[in-house]
Amino acid sequence: MNNITSRQTKLKDILNSSNLEFILEAHNGISARLVEQAGFKGIWASGLALSAQFGVRDSNEASWTQIVDMLEFMTDVTSIPILLDGDTGYGNFNNMRRLVRKLEQRNIAGVCIEDKQFPKTNSFLDSDRQALADVDEFCGKIKAGKDSQSIDDFCIVARVEALIAGWGMREAITRAEAYFDAGADAILIHSKNSDPGEVLEFSSIWGNRCPLVIVPTKYYSTPTSVFADADISLVIWANHMIRASIYAMESVSQEIYQNESIVDVEDKISQINKIFSLQGADELDEANKKYLTPTSKYSAIILAASRGSQFKELTKDKPKAMLNINGVPLLQRLTTEFKEQGVNDINVVAGYKSDMININGVKITKNQEYDSSNELVSLFCAVNSFTDNMIIIYGDLLFRSYILNDFIEAKGNITIVVDSANIDKDISGMPDFVYCDKNDDRSLFRQDANLKHISELRNESNELPSGRWIGMLKVNKIGRQILDNALTELSSQENFKDLTIPDLINHILSNGHEIKVHYINGHWLDVNDLVDIERAGDFISTSASTT
Ligand code: SPV
Ligand code: MG
């Protein structure tokens, strides 16, 4: 059991409160939310407003199930009680029974039924010609409703239309007495006059036998203290949300139509963010964090400025990264790999034929000096896109998905991916031999190894390389700071234009910082010449068949 007061009890409390209480009309989810947000303790689900928002007449043209469906949206987004204007109960006692059960299922707090005949029409329309219900028949409806409710505090308000229909005060009182005796929780006495005289007279005769509810649409200028002094329990502001929205929509639509522009209305309408907030976008954000696979905190910088002159005609019109491998550009494959790992912040540094890079969902930074500069200048161009957790990668890489997945999890402020297999095999581009403090021990998972040096030279000082850097590096917040500093230092050197990422790596090491090594064994390749393109095609086919 929880201690939350049910909406039905809340409505009952409002009706029986010793203070004058107020509820306001709403006709859909968003208006209901606004009513609650304004501070109202309850909502009047007005028949007039509900039918109007459907664009139909208040004459039972909308079916009762359409009304109940809308009520569900209204309860879903609110916590205050909703009193439904249930017209005549949509039929006889039997329809009323079913209505009450359905309303309880939708957590509606109560229903108000009026003593007219089905199909009814609005009280302010041809009121003199509207036939009233037979008193006994209406009492049967109230009894049937009360007997079929299963929630004790569900309220049935009986609305007396005798004054509206011109039948006089005596008839109004007689009917109210009968309805109260039949089990009504409150009486709504309605009036179409512009002064509250007859309602106040009714109230004084009624003398507090049960809560009295009024709808001062026509006698709206009466100070509410008059109602409080007359012992009225509840005031219903019955149609002001639908009228406010019609007024606003009419003037905005006309203005936009006349001006053929939206510029003048911008400041007169709600901001889009207001809609998001009323829809509860923040809650969904929180829920996403809780229930969805988190998107990666990593961003990617892809270096893709070069032509790859070995490709001759193939890269006449496009950069190397846009070369098709089995029909899909290299850069597209790389981007997809990142997105599949939740890395959506992807920055591509382009240079040669940069306009030919038409990959969705990536940011392009241009290295204008691509022709006369090397990798570090490209990286420097992307410095404004650096983040605290980022992966820097060459744009001509292909690799099996698990490599990126594991690499993201690898420890270290700065970490590089090193292939300990295939050290000598068919090297087409720069070899980037890596010398580490520990060689790859494949029996260890996530072996802790540090980089000592990276070089194009094999057997440097007679030492055998531990592997080859594949062109993938990552930094965390601390690593980014170290990398930033090293890049800034190198950028002031005269030979900056000639420097490569391995130069940066070695500079970081020479500054005394640690770089971790994440070992892999094959399952990647970079595309440097025509033979590589053929290999890449095979690589894609076999990767696809093994994943
Ligand atoms: C409604 O809001 O639909 C009502 C109140 O029934 S009135 O329009 O005043 O009849
Ligand atoms: Mg109505």
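Predicted model: local features only at pLDDT ≥ 70, side-chain atom pairs only at ≥ 80, totals over all residues.
Modeller: Residues are numbered from 1 along each chain as its sequence is written, and chains are lettered from A and ligands numbered from 1 in the order in which they are written.

Colleague: At what distance from an oxygen atom of ligand 1 does a polar side-chain atom of Arg159 lie?

Modeller: A polar contact is a pair of N or O atoms within 3.5 Å; within protein, one must be able to donate a hydrogen and the other to accept it, and residues adjacent in sequence count only if both atoms are side-chain atoms. Gly47 uses a backbone N or O atom, 3.2 Å from an oxygen atom of the ligand, and Asn122 places a polar side-chain atom 3.0 Å from an oxygen atom of ligand 1. For Arg159, the distance from its polar side-chain atom to a ligand oxygen atom is 2.7 Å.

Colleague: How much space lies in the largest cavity?

Modeller: On a 1 Å grid over the protein atoms alone, a cavity is a set of points where a 1.4 Å probe fits but cannot get out, a pocket is an open set with protein on both sides within 12 Å along at least five of seven lines, and lining residues have an atom within 4 Å of a point. Grid points are joined across faces, edges and corners, and a volume is the space filled by probe spheres set on the points. The largest cavity is lined by 19 residues, with Leu48, Asp85, Asn122, Arg159 and His190 nearest its centre. Its space is about 160 Å³.

Colleague: Which helix gives the most to the lining of the second largest cavity?

Modeller: Helices (H or I, at least four residues) and strands (E, at least two) are DSSP runs, numbered from the N terminus. The second largest cavity holds about 90 Å³, and 14 residues line it. With three residues, the most is given by helix 3.

Colleague: What distance separates the centres of domain 1 and domain 2?

Modeller: Domain bounds come from an automatic or database domain assignment. This assignment gives domain 1 (7-238) and domain 2 (292-545). Taken over C-alpha atoms, their centres are separated by 71 Å.

Colleague: Which side chain does a polar contact of 2.9 Å join to that of Asn476?

Modeller: Asn476 is in the loop between strand 19 (467-475) and helix 16 (477-491). Not counting residues up to four places away in sequence, Asn476 touches (heavy atoms within 4.5 Å) Asp388, Asn389, Gly412 and Asn413. The polar contact of 2.9 Å joins its side chain to that of Asn413.

Colleague: What is omega for the cis peptide bond of Phe118 and Pro119?

Modeller: Pro119 lies in the loop between strand 4 (110-114) and helix 6 (135-148). The cis bond joins Phe118 to Pro119, with omega of about -5°.

Definitions and conventions: Heavy atoms only, no water.
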